[in-house]
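The points below are grouped by topic.

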Amino acid sequence: MPDANVRIPAEARDRLSEIAAAEGLSLRAYLARLADSLLTPAERAERAERARAALRKWSGYDPTDAEQDDLDAELDRRLHQAAAR
């Protein structure tokens, strides 16, 4: 795979280099590992749909979009509450 140049602020580069070095990696190797560990939005959506399908099959639970929105809002509320402590 050919290398590419990416322009980022020097502070970000230096921070990433320090994190990589602490893990015994070059910045190049660290960024390659990071890229391999992250999902694109499409990959996340596909994984979420597979999880919902497995949940439906296993339990029959199949929330509507409105129910899902309510559950997401409740989770956000609880996370915000926990972070405020």
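In this predicted model, the lining of the largest pocket draws at least two residues from each of helix 1 (10–22) and helix 2. Helix 2 is the main contributor to that lining, giving six residues. The pocket holds about 490 Å³ of space.

**Largest pocket**

- The largest pocket is lined by 15 residues, of which A4, V6, R28, L31 and A32 are the closest to its centre.
- Sorted by class, the lining of the largest pocket consists of 10 nonpolar residues, one polar residue and four charged residues.

- Helix 2 covers residues 27–37, and L34 is found in it.
- L34 has a relative accessible area of 31% and is therefore partly exposed, a class that lies between the cut-offs of under 20% for buried and over 50% for exposed.
- Between L34 and I8, which are 26 residues apart along the chain, the C-alpha separation is 16 Å.
- Y30 also belongs to helix 2.
- Y30 counts as buried because its relative accessibility is 11%, and the cut-off for that class is under 20%.

**Helix 3 and the residue after it**

- Helix 3 runs over residues 41–59 and contains 19 residues.
- From its first C-alpha to its last, helix 3 reaches 27 Å, close to the 27 Å expected at 1.5 Å a residue.
- G60 follows helix 3 and has a positive phi, near 80°.

**Chain as a whole**

- The chain contains four helices and zero strands, and its pattern along the sequence reads α-α-α-α.
- The chain is more spread out than a compact globule, because its radius of gyration is 20 Å, well over the 12 Å that the globule rule gives for 85 residues.
- The C-alpha trace of the chain spans about 45 × 40 × 25 Å along its principal axes.
- Among the 85 residues of the chain, 4% count as buried; Y30 is one of the residues in the buried class.
- The chain has an accessible surface of about 7,700 Å², and carbon and sulfur atoms account for 56% of that surface.

Note on methods
Residues are numbered from 1 along each chain as its sequence is written. This is a predicted model: local features need pLDDT of at least 70, side-chain atom pairs count only at pLDDT 80 or more; totals for chains, interfaces and linings use all residues. Side-chain values use heavy atoms; hydrogens and water are left out. Buried means under 20% relative accessible area, exposed over 50%, partly exposed in between (1.4 Å probe, protein chains only). The expected span of a helix is 1.5 Å times one less than its number of residues. On a 1 Å grid over the protein atoms alone, a cavity is a set of points where a 1.4 Å probe fits but cannot get out, and a pocket is an open set with protein on both sides within 12 Å along at least five of seven lines; lining residues have an atom within 4 Å of a point. Grid points are joined across faces, edges and corners, and a volume is the space filled by probe spheres set on the points. Ala, Val, Leu, Ile, Met, Phe, Trp, Tyr, Cys and Pro count as nonpolar, Asp, Glu, Lys and Arg as charged, and the others, Gly among them, as polar. The radius of gyration is taken over C-alpha atoms; the globule rule is 2.2 Å times the number of residues to the power 0.38. Accessible areas come from the Shrake-Rupley method with a 1.4 Å probe; for residues, only the protein chains shown count as cover.
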